[in-house]
Amino acid sequence: MKYRVEDVKTVLTDDENPEPTNDKQRQQLYNLRKKEILKVFQEMEQKEHQVLTDIFKNVLPFDKMGNFDLKLLNLTSYENQELATTCLRLLIRKFRAADELAAALPKVELIVSKEMALTYDHLRKQTNDLRSIFGYGRSNYLGARHISEYEVKKAMKALDEILKDMTTNEKRSQRIIRNLGLFEITLSVLRSEWMVSNEIKESCLKVLTAFVKENPENQKLLFPYMEFFMRMITEHKKLSKSIVILMCECVRNNRALCSTIEEKHIEQYIDLIAEQRSAYMLLFLRTILSTHNGNPIKRNQSLITKYLLERKKDVVILFKDEEGMRERNNRISKEEHKTEPEGILNYHIALLHLLATAADGKNRESEQRLQTLFTLEELLEQVISPFTLPMIRNPLVKIINEVYVNVEKVTEVSGGSGDGHKKSTNINIHHPLMYKMFSKMIREFEFAEMSALALNVSGGEHITPQKSSNVLSAVTLTNNRASTKPSVAMRQSRALGVNIPSARLSATGPIRAQITDEDLEKNYIDNYYIFEIMIPVIHNYFHLHFPPPNVTKEQLDIAEDLLLKLIDLHKHTANQEQRDKIFKCVTAMWKKSMSPESQIAITKFVTSKSSKAKVNRTHITHAYVVETDEIINKTYRKYLQRRIISKILRTSEFRKLGNLYEKYNGFVKVLVRILRKLNDSGASYDQSLLDVGLLGLEILKTIVHSQNKRSNLPKKKKKKSTEEFEPLDYVEKKLPLVVMELLTSPNPLIVKSALELGILILRHGYGVIQKEFYRILTETDTSFFFISIRDRLRLAKKEIKEKKELP
């Protein structure tokens, strides 16, 4: 531009906030610069208009092709489904050129830096190498073909280079790969269109996993292939772990996609778990249960617990009874959680974490189902067992809190009698084992303090509080080896984000000798356990249930010891959010039944709440570097949205396609026939067919909307405007029939569009359309239609309820 950006900003700012002045020269200069900038914007407007005119008027060759539209329209009437669909797709694209351009422009990546140019050249070379072997994503041969040994090495090298580039450049490489269409090539390899080794397929899976990682746009591209990935798990069991990891990344932290997973797919996936009972198979279910914001998806909680119980004998391993506890303890003694990553013990651990996630939040339906798996006594017995590892303890305590403690009315749901009815009975929330669990928590605090002393943690060196990650998957836990991790005592001291005062230091030699790594591993606590599991269950129990009807001195002593530990923890915790959790928990324990000494301690604690933790805080600045090319591309997309896209859409001719069908209205019936065949042929799963189906429905909606609008015109205007368009007979064109059939589609987008079309034809169809719908419902087999509508209404009800409960 002719003027600097700063000058433009100055003028615009002055325009928004004009300051009165008596200086004529300054006012004249201000007006002059303002006119020049307005002239620049006018020139920009003219250039943009000229470019769009050249694109839509001078470049397209359709004007030179006589009767091109009518020829395509005639070809859609052929019985050959592939020919008819292809011609309809081409006809739609011809009239949607502006719409497709508006959708494609924001996807364009501007190469604006040397680094981005190098990345693009490198990825394009690798893509060309893959295309020289696999083509453009579709095999030209009938069946699968072999590739030579040289092509195998070439493909592996290209895939490895792509994976390295995505690991280094992340978002930038993901965008470039999306525009190059590389993911389509890898999908074609996975579809077994070529005879390739599992090694190449696994590399393709890794590339796709990196392609969708933390990228919602790319996740949306691969989400329609979820059912295909599930079929791959059955067909390629050696690749099942990589496939599951890819499926997890396709929906991770994407609430919209997790909420739209169909019920039948969840059922099918749990059937797969029954066939391959491994810890990693449960990761996908945990991923679709919750998102990064911590709000569980209640619909998925209910569905997963429902189908887990239906396949209980095949997928649920809990080691509940006496014999099961002995087997579990024996496996723990043999350290199978370290030596057998895919063993039964690790599957049991992963299942407990899944059940804990399914119990999270307020979901009474899931809670009642989980109560049929565990009684409170069984859970408490496993928690207090000396063999129970922290990775088992954490989910068990969380289940106790969510299923039995944090509920208004505590009832236990049993299996019931043989007639299938379930019985609800009141349970003893003040079970003696509950206080044994609290006693164990006190000992865990003591072990943490002793381990910190043994390592001289507080001898002038402060341990910076670290935010512990959420519960690790059993797969991650079991893949850690003793040779690659620090000592348990070191991990214990690092995980606990508190500072032990130096006054507590004593002779550390005897303490070090008394504490073994085995003791510390079994009593290991970290910030996640303290603040996300331990404190919530203590707070809820004492707030909702304490004191018991006949409180004993032993129970009071345990409660008071626990109280003092929490007060001590508050003194030495730096994080304000964590301090608030401790404060709320302590105030919840403030009961009249407490001893006078405890009352005084709590009163003193509450009055001195504002006291700061006695720790040295270390301020760490995290520098977030935004790539220059990313900033420029974001600015480019903003420019498109504000100035270009709206202008392009104003030139759209898609409505003219509806007018063409109205003029030659015999082809409306042909369009309906194509849509019905597409629904039968599986358009819900093929993206290209799905697009044709959705746009075909849009054509019908355009026609019906135009017909309805014309029917409402006054008679004088109607004669002038409807000379070339005759009113359509919706029943004769079978519009009600296509609506009824498409409402049973498994794809929610097709169902939504079909509903909109049905509403439009009913709005001005009067009794004729209503009678036709009634005839279809009563004279044909519509049982599948009613089942489909029932499932949709149930899903909608759950989603509406879930959205209302979101903060």
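At what angle do the axes of helix H32 and helix H33 cross? I opened today's notebook with that one, keeping in mind that this is a predicted model.

**Helix pair.** I looked up H32 (residues 576–588) and H33 (residues 596–607) and found their axes crossing at roughly 145 degrees. The two axes come within 10 Å. I noted the crossing of H32 past H33 as left-handed.

Next I listed who meets whom. From H32 I have Phe 583, Val 586 and Thr 587, and on the H33 side they meet Ile 602, Phe 605 and Val 606. Sorted by class, this contact holds 5 nonpolar residues and 1 polar residue, with no charged ones.

I then went through the loops.

My first stop was Pro 547, which sits in the loop between helix H30 (527–544) and helix H31 (553–571).

Glu 214 has phi near 55 degrees, and I placed Glu 214 in the loop that joins helix H10 (198–212) to helix H11 (216–222). Phe 319 also went on my list, with a positive phi of about 50 degrees; its loop runs between helix H18 (312–315) and helix H19 (322–333).

Is Phe 319 buried or exposed? I found a relative accessible area of 8%, so Phe 319 is buried. For Glu 214 the relative accessibility is 56%, and because exposed means over 50%, I logged Glu 214 as exposed.

Notes
Residues numbered from 1 in each chain as written. Predicted model: local features only at pLDDT ≥ 70, side-chain atom pairs only at ≥ 80, totals over all residues. Heavy atoms only, no water. Helix = DSSP H or I, 4+ residues; strand = E, 2+ residues; numbered from the N terminus. Buried < 20%, exposed > 50% of the residue type's maximum accessible area, 1.4 Å probe, protein only. Axes fitted to C-alpha atoms, helices over the stretch in contact; angles between N-to-C directions. Left-handed = near helix turned anticlockwise from the far one by under 90°. Contact = heavy atoms within 4.5 Å. Nonpolar A, V, L, I, M, F, W, Y, C, P; charged D, E, K, R; others polar.
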